[in-house]
Amino acid sequence: VEDLPGLVNLDYGHWEGRTTDEASERDREEFQRYQEYGEGASCPNGERLDDAALRMLLSLRLIAALHPGQSVGAVSHAATVRLAISGVTGAPRADWRAALPNGSVTVFDVVEDRVSSHRLPVAAR
């Protein structure tokens with residue numbers, strides 16, 4: 001097992017440890033931008049969603065570069081996996097918070113530095 005810092009969870013800043021209701025009450029406009037993955041969306045005193053998405057995609061490319069032709073299992077958090085999915089599928093950014101079941105498997109392929117989704121999890125019912 002190797003730790004790859006690019007796969008860590010989103011830095012929630014002032015929202016860390018708060019419920020979604022508490023975060024929304026604290027920073028209503030910023031929380032709405034976060035929910036919609038709007039332009040410049042970020043967690044106050046935390047991480048911009050675009051930055052987290054970029055580090056996830058860079059991490060997937062790094063894994064592929066370090067393990068050419070191999071299949072590698074990596075573990076991350078729902079928010080960061082959702083951002084990676086949003087970054088490679090072309091789905092509307094506002095849909096980035098689609099449900100991911102706990103323990104679900106998402107398969108990404110990296111070919112010639114291009115990341116694509118191979119298999120997406122089925123949303124929890």
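These notebook entries record what I looked up in a predicted model.

**Entry 1. Ground rules.** I number residues from 1 along each chain as its sequence is written, and I use heavy atoms for side-chain values, with hydrogens and water left out.

**Entry 2. Helix 3.** I took helices (H or I, at least four residues) and strands (E, at least two) as DSSP runs, numbered from the N terminus. The expected span of a helix is 1.5 Å times one less than its number of residues. For the 18 residues of helix 3 this gives 26 Å, and the end C-alpha atoms are 26 Å apart, which agrees. I then listed its buried residues (buried means under 20% relative accessible area, exposed over 50%, partly exposed in between, with a 1.4 Å probe and protein chains only). They are Leu49, Ala52, Ala53, Arg55, Met56, Leu57, Ser59, Leu60 and Ile63. What covers these residues includes helix 2 (28–36), helix 4, strand 1 and strand 2 (114–119).

**Entry 3. Helix 4.** I repeated the check on helix 4 (residues 78–89): its 12 residues should span 16 Å, and its end C-alpha atoms are 16 Å apart, which agrees. Ala79, Thr80, Val81, Arg82, Leu83, Ala84, Ile85 and Ser86 are buried in this helix. The cover over the buried residues of helix 4 includes helix 3 (49–66) and strand 1 (107–111). After helix 4 comes Gly90, with a positive phi near 75 degrees.

**Entry 4. Thr89.** Thr89 is partly exposed, at a relative accessible area of 33%. Leaving aside neighbours within four places in sequence, I found Thr89 in contact (heavy atoms within 4.5 Å) with Ser117 and Leu120. The C-alpha atoms of Thr89 and Ser116 are 7.2 Å apart, although the two residues are 27 residues apart along the chain. The side chain of Thr89 reaches the backbone oxygen of Ile85 at 3.0 Å. A polar atom of the Thr89 side chain also lies 3.2 Å from the backbone nitrogen of Ala91.

**Entry 5. Aromatic pairs.** How many aromatic pairs does the structure hold? I noted 5. Rings of Phe, Tyr and Trp (its six-membered ring) pair if their centres lie within 6.5 Å; planes under 30 degrees apart count as stacked, over 60 as edge-to-face and the rest as tilted. The rings of Trp15 and Phe31 have centres 5.4 Å apart and planes at 70 degrees, so this pair is edge-to-face. Trp15 lies in the segment before helix 1 (20–26) and Phe31 in helix 2, so the pair ties together parts 16 residues apart in sequence. Trp15 is buried at 4% relative accessible area, and Phe31 is buried at 9%.

Tyr37 and Trp96 form another edge-to-face pair, with ring centres 5.9 Å apart and planes at 65 degrees. Tyr37 lies in the loop between helix 2 and helix 3 and Trp96 in the loop between helix 4 and strand 1, so the pair ties together parts 59 residues apart in sequence. Both Tyr37 and Trp96 are buried. Ring pairs link Trp15, Phe31, Tyr34, Tyr37 and Trp96 into a cluster.

**Entry 6. Charges over rings.** I counted a charge as over a ring if NZ of Lys or CZ of Arg is within 6 Å of the ring centre and within 35 degrees of the ring normal. The charged end of Arg93 sits over the ring of Tyr37, 3.6 Å from its centre. Arg97 lies over the face of Trp96, 5.5 Å from the ring centre.

Key
Predicted model: local features only at pLDDT ≥ 70, side-chain atom pairs only at ≥ 80, totals over all residues. Polar contact = N/O pair within 3.5 Å; in protein donor to acceptor, adjacent residues only side chain to side chain.
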